[in-house]
Structures are given as structure tokens and as C-alpha cells.
Amino acid sequence: MIMDIILCDELLQEIFHRLPPPSSSAVSLVSKRWRHLLHSSLSSLTLRLSPNHPSLPSLTSFLSLHTYLFSLSLSSSSSAAATTAFSDSLLISISSACPNLTQLRLSTGPVSLFPLFSLSTSCPHISSLSIILSRPLLSLHFLSSFRSLKNLTLILSGNGSPDSISDHYTSSSTELQLESLCLSGIRAGDYELSWLWNNCSYKALSKLVFENCEGVGDNHSFASFIQRLKNLQEVELKTCRSIIALILLKLAENRCDSLSSMLIYDGGSKEGLLHFIRETNCNLQKLDLRLPLDLDDSHLFEIGTKFTQLHVLRLQSCSMVTGEGLKTLGLALSDNLEELALTNCDVIKRQNGFLVELAQNLPKIKILDLSYNHMLLDKEFVSMISSFKDLRKLKLRGCNRLTNASLISLCKNCKHLESIDMVYCHGIQMEGVEFVILNSPELRKVQVEDRKLSEIARRWMINKFIEVQP
């Protein structure tokens, strides 16, 4: 094959990098040289493995081919969690085959301490680590051996309880310089977390995430840690009802001047959230809430009063707020809000027409998400969309009462539209999708069912390099 002869290795690798995923997977079938070059040029790899048929030598050999592999994600194809022995074997394989690794996500199952120490020695450049640990937690001291670690995700599993708490308050000689910390599955009795609170740099941490947590370990150590944080910018609390009041209280006491982004999903504290909004000194730029029963108009009023510089507001399934509350909030945020999400918004069902007045107060919106509002009709959408002249991204997923008429009005009013999601919009037909594609000069991404794409639309998308996703 002439091409295989005249093209040098570097040029072939550059071509491989530019190929879309369906084509790149076929490259290895061309020749042994192309397969070798493809493997050696990959810097990121995601693998789904079966714990029932692990072949450690073949996996080690396969990983060794990827000379420049920096990011690796491994998961199990089994619905049940993989065993600790399986995960430990994977870590040993990774340690011997991937010395240049900087990012590792291992979600196959719990791992034990010895392979983690081996990993820290063999892969000294790891800066991002995501692992599962099993109860009882024996120690978190192994984290000190990861000298380059910046981003850590710890997921706790199992029902064991700690044998003792004698060394939970000890400090390491090396302070963890974490910038991002994500904890999942923490329970009230997981006192070993106190070691983390005592040894994590309060100057470096900028992002803190709790997910499906019922505790924080020792409350005193955690409270002391939170109150020392100086550069915290992002906080995410997902399904943490039993600890959210504590966290919000300590954040309010700290004042957290640098905090700019907050996310709270599924399990809030009405009074705790109100107290935080009123007492904090932070200037939130982004607020993302999914609180079906824990958010009402009193919160919206306080948000509009305190966070007037808000750029991003996302509300999902917030059943207790009213149209009046949202309109008042929109008026307060009119000068700065650029992204608005009202996903599965009950108010749209209860109060027809409020979206039109809300839109009139928000002229700077560039990103709009109205997904899964099944009662949204053409009449309200058409009247509303005329206010969003600078709209760039629109999500209408699941708005099944909208028809082609809404898309015609969209194209007429939003000349800068770059991305649109129309999946599960049963009232929108092929002709409407084609109209959007042909009449949106800046469109670059479309999400829609394949059956709604006409041949004309497909040709136009190819010519204009428009990406399509189902």
C-alpha cells in the first residue's frame, strides 16, 4: 500500500488524532504498523472489563502498547461489583504498564492498601484519582504517597464498622495539596475521614463534593476544616439530607468569600438554605438546585436580593415555587443572567403564560433549558422566544406538545443559535427539523432522533460540519 510507505510515523499519528471515533476503531485493522502507531499515539483510554474472565498478562501487555497513555478509566461489565482481588490485580497491572499515567478512574470495585502504595510508587505523576474503598476503613495514610495528587474521588462501600479510632486525628508530615475532593457513600461512623480533614490543605482546595452521604466522619474535625477554607469556589451536595444543614451552617460561618458555584440535589434543608443565603459573604455566579419539596418563593426572594451577579440559574423539579416567585427573581437578575434552566417545572403546568413575562425580564439569556416540560405549548413558546435574540443553546428534550410552528418562530428570532436538543419532542416532525438546519446559519450541533433527519438535512449538515447526536 503506497500510503503506508510514503507517510512517516508522526504524520500518520496526527491523522489518527483527527479521525472521528467510528473511523479510528478501524485503523488497527489496516496493518500491524498502523495498529502499533494508533496504540502508541493514544493518550486517553476507557475500558470495560469482565471480572469473570480476567486475563492479567494480556491486559498488561495491551496497556504496555500505549506508550503515551496519560488517562485511563476502567469499569466492570458485570452488574455486581467486582471483587477486591480483581480490582487489586488491575492496579498491579496498571502500575507495571503505565508509568506516565496522570489520571486514573477505577470503578470496578474496592481496592486494598498494598496495590495503592505500589501505584503511587510506579506512577508518581498521578494528579487525578478515583477509587472505591471498602469498610471498615483501615487508613487513608496511603494518600500521602501520591505526591502529585490534585483531584481525588473516594467512594465507600460495604457495611463494616471501624475497629478503633485511635489514630484518626493524627497528622501527616506531607499536607495533601488537593484542589478537588469528591466523597460518596460516607456514613456517620466513618471516623477515618477525620485524617483527611486534618491533612488536606485548606489553601489549595477549590471544589468540594458530597454525594449520597449520611455523615462526614468526626463533626468537630470537619467543622474545623470547613472554617479554615480560604479559596473554596465550588460546592456540590447530592442526596445528603442528613448532613446538608451542618455543611450550609459551617459555610455560612466561614463566610466563604471565594465561593462562586453551588449545587444542591435531592434533599435540602429549608431553614439551612435560607440561613446560608442570608449570612454568607460569597458572590455566587452559578446556582443549580433540584429540590422538589425544599425550595419555595421565600428562597427565590432571598436569592434575588443577595446574588444579583448570578450568571447561571438551574432549577429542576422545584414543585413549591410559583410563577410570581420566578418572575420576581428574573427581574432581580435581569442585568447578568445568561443561562436559565427550568427543567420539569410544575409552574408551567399550573400557570400558563408566566414564561412570556419572565423572558421579557431576561434579555441576556444565551443558554435556555426547558427540558421535560410536557405541558409547554406552541403559543407560549412562540411568545417567549421572541425575547431571546441572543440565544445560543436551546434544550427542548421531552417537550412533546411543541410542534414545527415553534421551530419556525425560533429560526425567525434566534439568528445566533448554535445548538439545539429536540429529542423526545413527539410533536416536532421531519419538516421542522429540516427547517431549523437550513435556516440557522450558526448551527453546529443538533440532538434529534435519526428518523427525523431528511436526506436534504443530512447533506446540509455534512456541508456545514454540523454535529448530530441522538
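Biologist: How do the axes of helix 17 and helix 18 cross, and how close do they come?

Modeller: Two packed helices are described by the angle between their axes and the distance between the axes. Here the axes of helix 17 (residues 404-413) and helix 18 (residues 430-439) come within 9 Å and cross at roughly 10°. Helix 17 and helix 18 are therefore roughly parallel (angles under 35 degrees count as such). Keep in mind that this is a predicted model, where local features need pLDDT of at least 70 and side-chain atom pairs count only at pLDDT 80 or more, while totals for chains, interfaces and linings use all residues. Residues are numbered from 1 along each chain as its sequence is written, and side-chain values use heavy atoms, with hydrogens and water left out.

Biologist: Which residues make the contact between helix 17 and helix 18?

Modeller: Contact means heavy atoms within 4.5 Å. Helix 17 brings N404, L407, I408 and C411, and helix 18 brings E431, G432, V433, F435, V436 and N439.

Biologist: Okay, cysteines next. How many disulfides does the structure hold?

Modeller: A disulfide is a covalent bond between the sulfur atoms of two cysteines. The cut-off is a pair of cysteine sulfur atoms within 2.5 Å, and the count here is 0.

Biologist: Is C256 buried or exposed?

Modeller: C256 is buried, at 4% relative accessible area (buried means under 20%, with a 1.4 Å probe and protein chains only). C318 counts as buried too, at 3%.

Terms used
Buried < 20%, exposed > 50% of the residue type's maximum accessible area, 1.4 Å probe, protein only. Axes fitted to C-alpha atoms, helices over the stretch in contact; angles between N-to-C directions. Helix = DSSP H or I, 4+ residues; strand = E, 2+ residues; numbered from the N terminus. Parallel < 35°, antiparallel > 145°, perpendicular 65-115°, else oblique.
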